[in-house]
Structure formats: structure tokens, C-alpha cells
Amino acid sequence: MWKLKIADGTGPWLTTTNNHIGRQHWEFDPEAGTPEERAQVEALREEFKKNRFQKKQSADLLMRMQDLAKENPCDQIPPAIKIKETECITEEALTTTLRRAINFYFIIQAHDGHWPAESAGPLFFLPPLVLAMYVTGAINAVLSPEHQKEIIRYIYNHQNEDGGWGIHIEGHSTIFGSVLSYVTLRLLGEGLEDGEDRAVARVYEWDGCNPMPPEFWLLPKLSPIHPGLITPVKVNRIDYIQRKGRQPILRSSSIPNAGKMLCYCRLVYMPMSYLYGKRFVGPITGLVLSLRQEIYTEPYHEINWNAARNTCAKEDLYYPHPLAQDMLWGFLHHFAEPLLTRWPFSKLREKAIKVAMEHVQYEDMNSRYLCIGCVEKVLCLIACWVEDPNSEAFKRHLARIPDYFWVAEDGMKMQSFGCQMWDAAFSIQAILSSNLAEEYGMTLMKAHDFVKASQVQDNPSGDFSKMYRHTSKGAWTFSMQDHGWQVSDCTAEGLKAALLFSQMPTELVGAKIETECLYNAVNVILSLQLCGVHIISNTRDGSWGICFTYGTWFAVEGLVACGKNVQKSPTLRKACEFLLSKQLPDGGWGESYLSSSNKVIDQIWCKPRGLCCLSSMLSSSHYEFVWNLRDAGRNVNNETKLKINSLIPTNTE
């Protein structure tokens, strides 16, 4: 059986800044589990497979079978409460429902204080890793037969009814998603009889890719197309002086901005520019030749790779290329590339490749070889192997791959990365807002220890602004301290949780966080502050997921924290009116991921009725928000009934 390991890290190639607190990874133990437990696992897998077209997201049922319940023994969970349409909500019903929910949270908390969970969904995360393992020859070191079995299970479970795959588990079939998943299955031994010869699939040519020249790293740093364009930014910061009778000092200073290119874009371009500059390809094997015949409708050697650079299937087109972009790429492809690959200009390319690799190595070391996310992780791993197949860097990369895997009843998936700190911060706030905190001291003390242990204690090494990194000392990441990448909202929520704990008795929640750590967190937030806040169409538009409901929730919460209310703030009233206009007839809220791509709110009507959105609207830690909604003209009674009636019975009952 698969076993979930928490805060565990052994071996010479793993490094950590906090004794691996927050780390979660899965290991297969052939001796683990009773015959009954193994049969239960198989039953859960079959149940998911049977309903995979109706319920595409797993329910983390294998995680719930772990030993967390044994580590957190709980008394009998109160029976479920059901309130009829004609009944009033009583204090007893509300309190019982809260106890049921928090008891469940108590049961599934890890011993280091966080709540283990997956952060996955995209289907283009796993294929590059499988390709990388084959090209580097590390397949047997990383992907055991059980790993491969679960990866295959996951890919098949998320194949659409038309036979294709999307770019995520809810998405329509695309050429990109289908080819990636198909090639991955073939590399793992599925399919045609001649597929036993395994190697990286060189089934596409560099000439079919738009240029990613590493020479951009050599441009003047003020150039508008430099990957790490730097501009000085004036920020406020708090200087904390730990002296008796002295108050912290607020000062203004200018610091270099970490770059105007989105960090994820820059860090994908970083190793890709190295690989592009090297024009690295894997060996041509029997399987590669077979795949070339299987996935193309014309002979491979007759494909017009120049035309392929800007060819995109209609199912895959998210946003058309601007003409100026295609013209720039055409110039680079037809004129710059031939020039840069010939002496003496090839010397410039060699220098640029070296600079790109320096950035890769810096990112690796400062993230403990986790990298900012899974896409960057695989690309940096390949770049390190190409640079030196026997390098220490490559071995350290391999040791961190398990951090990205997650196993559930639908198979083994690859996470974007973990969401340990993000989930913990909201869980803490929800428990503390219930007025039942004194009943859950053990849960809160462990969570408090996790918050303190997860704060980033240092800035990136050396002259981090030169490497286009930002100050991170005092920040909280999305996942854990070892990751190292500061996130503004994670830092804000972490700071909020730490401040709430600091107001509670130490005998209940443990020692308070050091005051200087709080000031460090504030400094990170101030350094990331933008010049202004823009609210568009009375909503806060996001860039992914449930962006309208989610974004508006945070925007309203910020306005409320600044003392705004619907009586005096037209902006807040409009935001509340927007939310109320999108409320569903049963009292809940729902929003589809399509809102992000369509840029228009796309509501869903399903059961349960958008409980994530509803919980955001009615979370007890946002009482002011709830009352603003009420004052804007809506009673919250129906919404609360929906939450009480929708609480799912636990498998411990």
C-alpha cells in the first residue's frame, strides 16, 4: 500500500532549512495494510473509475485511510444536523455543525501541524517528468513499477469520452493534451508491441519552435525585452530595533524590483533558453521512430517545421498571437538564429548559455532543488543533467521529485506544488472564529508550531536582486519554508494567523511568535505593495479558477479591514450587490473555472452548490462581510441552512 510520509527526509542529497516541516510525500510499502484495507483501496479505485466522467476530481480517500486518525484520536463525532425549509436555525444546531466540521479537521491534521492535501488538476504536469526520466536514464531510480502503474491509472482515468485528453481534468480534449498523454503512456510501456524500447521521444524538431534565445540575458537590464527587467521601486519598511523603550521606525527606501516579467514566465524561459541554445535532443530509438508515425498524418521528414511554428489547432487556441509577436519571432528564426550559431557570434551564444545556467543553479540552490513549481522543476532538472550528467545538482533534483507526487483513488498525479501553508492559514482562522477554540487546544498548538516553522527566515543568498529575486525574509510561501518563494497573500494570511495566535493564552496555543518575525512579515508585504488598487466592473478580476467570486471576496475583505461599510462606501455596496446578484436560488454561490478564460462569470448549478464559494462568503472570520451583505439587502438564513445541510458525513461515523 501507499503510505503518506510527513516531515520526513533522509539521504545525502536532501537539504532543509527547518527539519523538513511541511514536507509530504508518498512511499509504496508492499507489506503495509491488512487484506481488508487493500481490498478497500481497490474498491475505491473501481468506484472512481466507474464514475470518472461524472466526478472528475478525486476525494483524497487514500489520504483519509492513513494513520492520521490514529495519531489524532477523537471522541464520537456528533450526528449530522438536517434543517427543514420551515425550521429556524438554533444555536445548538449551528454549534453541533461547527463541532462536526472541526472534529473532522482534528482527525486529518498531520503531526507537524499542517493539513495534507493535493494541489493538482492539470494534465500537462506529469508527461514532461516522464520524458525527463527517460532521457536522463533515471527511470528506475525514481519511477518504480508501482509508480508507473499509478501514473498509467491516472492518465486513463482522466481520458475524455471522445478518447482525447485536455490540459486539465475538467477540460475539453486538445491536441496538446492528447499527444502529451499518449506519448507518456507509450513511454511507460502501453500500446503497440514495438514500444518496449524506451527513450526520450524526439518527435518534434527545434525548428518547429519559436526562438527562445539565451542572448536575451545579455541585453542591457533596462531593455524592455530583458527577462529580468529591473526598475527601482520606492517602498516603506519597518526597522525593528530590539531595545528597551525603543519603538520600531518606519522608513522609505528604494529597492530594485525583482523584474517585470512574471516569475513563472521568467523561470520557464530560464532553463528553456539554455536547452534551446544547446539545441539539446535525446537519442533516436525505435520507439521514437514509431511515435513519429503514430502521431503525425504525414511523413515526419516532409513536415514543414517553419510553418508549424505558428500553427495551432482550433481546440488548443487560447489567445491568438499578435502580428508584432509573430514578426519578431520570424525575424529571430530566419535571421538572428543562423547568425548566432556561426563563428564569431557563436561565442556570444556560449556566454549567454553560461549566464542562463548560472540562473538555473541559483534557483536550484535557493529552493533546495524544489524550484518555484513543477514545470520549472523538470526543465531545471534536464538542464542540470545536460550540463553534467554526474553532477551533484542532478542528484539533488532527483531527491526532490517525490515532493511533487500525490496518490489518490484516481492514481498518481503531479502537483503544481504543495498548498500546505495556504490551507493551514485559512483552517486556523476558521477554527479560531468558531468560538470553540478552547476545545481544540492540541490542534491549534500544532498548527501554531507549523506557522512559526514555515516562515522564511532569510533572503535568497548573495546579491539576490542581481538574480532577479525579491526580499523574502519574513514571508510565508504557498507550501513550506524550504520552497523559499515569497507570496504576498500567503504572507498576509500567515501574518493574520500569527497575530490571532499572539492574542491567545500560551498554555492553549503555545509560545507566541517573536515580535521581530512579525515586523519581517510586514516588511515583505510593504515591499510588494503596488501603487494603487483597481476594482473593475465592481468585481476583483482574477487570472485563474473562480476568479470573480474569489477575487471580490478578498477585495471586499480588504475594504472592510480599512473601515469601509455599505452605508458609506459606494464601492463596497456595488461589490456586495454584485455578489448578491450571483447568489443561487438555494442560497449558495457557484462559479466555473471557465470564468477565467471567458473573462465573464460562469456560474455552476450543481450539488453541493459551490460550498467553497459559500464558505468564503459566510466564513465566521468575515462577520463584517456577512453583515455588509445583510445590510445590502439579503438575509443570510438560507445560506447558513445550506452549509449545515451540506456537511458531508465522515467515514468515521
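**Ground rules**

I'm working on a predicted model, where local features need pLDDT of at least 70, side-chain atom pairs count only at pLDDT 80 or more, and totals for chains, interfaces and linings use all residues. Residues are numbered from 1 along each chain as its sequence is written, and side-chain values use heavy atoms, with hydrogens and water left out.

**Entry 1: salt bridges**

I went for charges to begin with. Side chains of opposite charge can pair when their charged atoms come close. My rule was a side-chain nitrogen of Lys or Arg within 4 Å of a carboxyl oxygen of Asp or Glu. With that rule I get 24 salt bridges.

I looked up Lys413 and Glu118, which form a salt bridge with their closest N and O atoms 2.9 Å apart. Lys413 is in strand E6 (residues 411–414) and Glu118 is in the loop between helix H4 (91–107) and helix H5 (126–136), so this pair ties together parts 295 residues apart in sequence. I take helices (H or I, at least four residues) and strands (E, at least two) as DSSP runs, numbered from the N terminus.

Buried or exposed: what is Lys413? Lys413 counts as buried, at 1% relative accessibility. Glu118 is buried too, with a relative accessible area of 15%. (Buried is under 20% relative accessible area, exposed over 50%, partly exposed in between, with a 1.4 Å probe and protein chains only.)

**Entry 2: around Arg349**

Next I checked Arg349, which meets Glu215 in a salt bridge at 2.8 Å, N to O. This one links distant parts of the chain: Arg349 sits in helix H13 (residues 346–366) and Glu215 in the loop between helix H8 (175–187) and strand E3 (232–239), 134 residues apart. Arg349 is buried at 5% relative accessible area, and Glu215 counts as buried at 8%.

Arg349 also meets Glu337 in a salt bridge, again listed at 2.8 Å, N to O. Glu337 lies in helix H12 (residues 323–340) and Arg349 in H13, so the pair ties together parts 12 residues apart in sequence. I have Glu337 down as buried, with a relative accessible area of 5%.

Which residues make up the network of salt bridges with Arg349? I find Asp207, Glu215, Arg279, Glu337 and Arg349 linked in it.

**Entry 3: cavities**

Then I went looking for holes. Rolling a probe the size of a water molecule over the atoms shows where empty space is left. I used a 1 Å grid over the protein atoms alone, where a cavity is a set of points where a 1.4 Å probe fits but cannot get out, and lining residues have an atom within 4 Å of a point. Grid points are joined across faces, edges and corners, and a volume is the space filled by probe spheres set on the points.

How many cavities of 30 Å³ or more does the structure hold? I count four.

The largest cavity has about 80 Å³ of space. Its lining includes Trp217, Arg266, His359, Glu363 and Trp485. Helix H9 (263–278) and H13 are the elements that give two or more residues to that lining. By class I get seven nonpolar, one polar and three charged residues. (Ala, Val, Leu, Ile, Met, Phe, Trp, Tyr, Cys and Pro are nonpolar, Asp, Glu, Lys and Arg charged, and the others, Gly among them, polar.)

The second largest cavity comes to about 50 Å³. Among the residues lining it are Pro122, Phe125, Tyr154, Ser181 and Met414. H5 and helix H7 (145–157) each supply at least two of its lining residues. I see eight nonpolar, one polar and no charged residues there.

**Entry 4: E5 and E6**

I followed Met414 into E6, where Phe405 stands opposite Met414. Strand E5 (residues 405–408) and E6 run antiparallel, joined by four bridges; two strands pair if DSSP finds at least two bridges between them. A hairpin through two residues joins E5 to E6.

**Entry 5: aromatic rings**

Last, rings of Phe, Tyr and Trp (its six-membered ring), paired if their centres lie within 6.5 Å, with planes under 30 degrees apart counted as stacked, over 60 as edge-to-face and the rest as tilted. I get 20 aromatic pairs over the whole structure. Trp422 and Phe478 form a tilted pair, 5.9 Å centre to centre with 35 degrees between the planes. Trp422 counts as buried at 11% relative accessibility, whereas Phe478 is partly exposed at 30%. I also noted one aromatic cluster formed by Tyr204, Tyr296, Tyr300 and Trp305.

How values were computed. 1 Å grid on protein atoms, 1.4 Å probe; cavity = no way out; pocket = protein on both sides within 12 Å on 5 of 7 lines; lining within 4 Å.
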